[in-house]
Amino acid sequence: MEVIYIPQLLKTPEHKLEIPIDECIAGINTLTPIRGTIIVSHGGTFLEVTVNAHTIMTLSCDRCLQQYNHRLELKNSEIIWLDKNADEFEDLPLEREVHVEDLSESLPIDGHFDPNKWLYEQICLSLPIRQICGENCTGAPEIKEEETPTIIDSRWASLQKLIVDN
Ligand SMILES: [Zn+2]
């Protein structure tokens, strides 16, 4: 999916763009391509982004540690504020005073919206917090309390890998 130049949206008939999705996204372990649509509409001071998509992901069960397939349905909508003064850099310095409007996502009004990155985040946010393979889960493998492996949230797995590699 191509990155969208935000002001370009105002040149479309209804100030919105419908983007078909049929792809795999780097960093997301999906068994099938993610299929569906993203609709980005420009509301003057904000973007409203809606996704309706599905895929099958391979997750590992928190209880028995077996891998299993999980059908993920994405039906989310998010308002992204457009800020004239926003930096292109998304990481705000920690010491910066935080205003209420900073607590939600914002982009520069003349910046870019990256549907791939947004979709990646939506998928991460939609993953079940507790991943259990199903009703027939065989339960925890026999391990002593102190040997319980740290269960790393899949979102942090790549970060963990970086730490290990360094
Ligand atoms: Zn299980």
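Analyst: Let's start with a pair of strands: β4 (residues 46–60) and β5 (residues 67–83) run antiparallel and are joined by 15 bridges. Strands here are DSSP runs of E, at least two residues long, and helices are runs of H or I with at least four, numbered from the N terminus; two strands pair if DSSP finds at least two bridges between them. One of the partners to look for is K75 in β5, bridged to N52.

A quick word on provenance: this is a predicted model, so local features need pLDDT of at least 70 and side-chain atom pairs 80 or more, while totals for chains, interfaces and linings use all residues. Numbering runs from 1 along each chain as its sequence is written, and side-chain values use heavy atoms, without hydrogens or water.

Zooming out, the open sheet has 5 strands in the order β2-β3-β4-β5-β6, with mixed pairing. β2 (16–23) and β6 (106–108) each have a single partner strand, so one side of each lacks a neighbour in the sheet. Helix α1 (residues 115–126) packs on the sheet and touches β2, β3 (34–42), β4 and β5, contact meaning heavy atoms within 4.5 Å.

Then there's the loop between β4 and β5, which holds C64; its pair C133 sits in the loop between α1 and α2 (154–165), 69 residues apart. C64 counts as buried because its relative accessibility is 7%, whereas C133, at 30%, counts as partly exposed. Buried means under 20% relative accessible area, exposed over 50%, and partly exposed in between (1.4 Å probe, protein chains only).

How values were computed. Axes are lines fitted to C-alpha atoms, for helices over the stretch in contact, and angles run from 0 to 180 degrees between N-to-C directions.
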